[in-house]
Amino acid sequence: MKKISVGISGIGSYVPDKILTNYDLSQMVETSNEWIVERTGIETRRIADKDQAASDLATRAAIKALESANATPDEIDLIIVATATPDHLFPSTACVVQANLNAKKAAAFDMSVGCTGFVYAVATGANFISSGIYKKVLVIGSEVLSKIVNWEDRNTCVLFGDGAGAVVLEQCKDGYGILSYELGSDGKDRDCLIVPAGGSKLPASEDTVKNKLHAIQMEGRDVFKFAVRIMEKASISATEKAGLKVEELDFLVPHQANIRIIDAALKKLNLSRDKACINLNKYGNMSSASIPVALDEAVRDGRIQKGDNLVMVAFGAGLTWGSLVIRWNKEGIDD
Ligand code: ACO
């Protein structure tokens, strides 16, 4: 049976209006603009309103993605939301989005893969289409990390921001769309990056709240070393699986955690900085929203054109990693 080619037919993103600068953070914890810029590349990040949940950001990004795909909510067969900051333990954030959009026939579920979530979700959604089960799948990465950050911990609070990005997947012309992907995990290092409490292992209690165990804890140096190694390995592996050479890549769309991690990956791949879609200076690390927001911006400002070869690559909690090679199949989008 001939495999159906799957591409991105629509894309959109949303970031909250409120901007938190490095200067603002220096009033909250012992840090400075110089330290944050030099060690991470981040200058500002967006912060959701008190009443904004992951589903609210996701819905706004999804509406834009549907518009750019010329699709209506009732055509969507499946909604997958990748998030580390779901509205609730259950029901899924994807079900809230399904209701917000009134996507009558859509199945819906969340994926919990940390910052790698968007890559996993696109690979999963694409399989439903390439197997002929569904025609249109909406994939969203949405995060309100500001709500699970310990604002007294300078090791983590300077890194994260809120936002959402969405794509519509559907059949595309052969030779375009998703050419390959690689997904991986290594659960033995799961404690490097963790929100310890709030699940069944350590349910919420007075102690968990007092000890800030509902906030992100991270072994920054360990994650850094892992990230540098895996970004190179996963990018090369997916590129080879796609039958391409690294020199044939037009753009790297990396997870936006730290400019030094991105630069190290570019160096190892022998690519220049202008070959990377980078926006962490404006938004910080938006976890599963990082890649779709960076991709949306690069498509809308005309950097990415039909026929370009892109590799998206991410790493995150789990630990997990994922890379995906796409030959861009869509004409430009007018805002
Ligand atoms: N301001 C000032 N000083 C700071 C700050 C800060 N915000 N944060 C840490 N420091 C201090 C440390 O306390 C340490 O001081 P010490 O030497 O007196 O102990 C010093 O700076 C150096 O600390 P390091 O941890 O070595 O700093 P490093 O250069 O490694 O940068 C960072 C830390 C930015 C966290 C880096 O390790 C990193 O980016 N790691 C990867 C993070 C990441 O990718 N996370 C992914 C999350 S994915 C997800 O799923 C959510």
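Let me start with one tyrosine: Y134 is partly exposed, with a relative accessible area of 24%. Buried here means under 20% relative accessible area, exposed means over 50%, and partly exposed is in between, with a 1.4 Å probe and protein chains only. F128 also counts as partly exposed, at 24% relative accessibility.

Before going on, the basis. This is a predicted model, in which local features need pLDDT of at least 70, side-chain atom pairs count only at pLDDT 80 or more, and totals for chains, interfaces and linings use all residues. Residues are numbered from 1 along each chain as its sequence is written, and side-chain values use heavy atoms, with hydrogens and water left out.

Now the rings. The structure holds 3 aromatic pairs, where rings of Phe, Tyr and Trp (its six-membered ring) pair if their centres lie within 6.5 Å; planes under 30 degrees apart are stacked, over 60 edge-to-face, and the rest tilted. F128 and Y134 form a stacked pair, 5.3 Å centre to centre with 25° between the planes. Elsewhere, ring pairs join F226, F315 and W321 into a cluster.

F315 takes us to the core. A nonpolar core is a set of buried Ala, Val, Leu, Ile, Met, Phe, Trp, Tyr and Cys residues joined through side-chain atoms within 4.5 Å. The largest one has 45 residues, and I216, L252, I261 and F315 touch the most other members. Two or more residues come from each of α8 (220-241), α9 (259-269), β12 (309-316) and β13 (320-327); α8 gives the largest share, 8 residues. Helices (H or I, at least four residues) and strands (E, at least two) are DSSP runs numbered from the N terminus. What does F315 touch, leaving out residues up to four places away in sequence? Its partners include C115, T116, F226, I261 and W321. A second, separate core of 36 residues includes V113, V137, A314 and W328.

Next, the domains. The assignment, automatic or from a database, gives domain 1 (6-176) and domain 2 (178-327). Their centres, taken over C-alpha atoms, are 14 Å apart. C115, V119 and Y176 supply 17% of the area that domain 1 buries against domain 2, more than any other three residues.

Note on methods:
Contact means heavy atoms within 4.5 Å. Buried area is the accessible area (1.4 Å probe) that two parts lose on being put together, summed over both.
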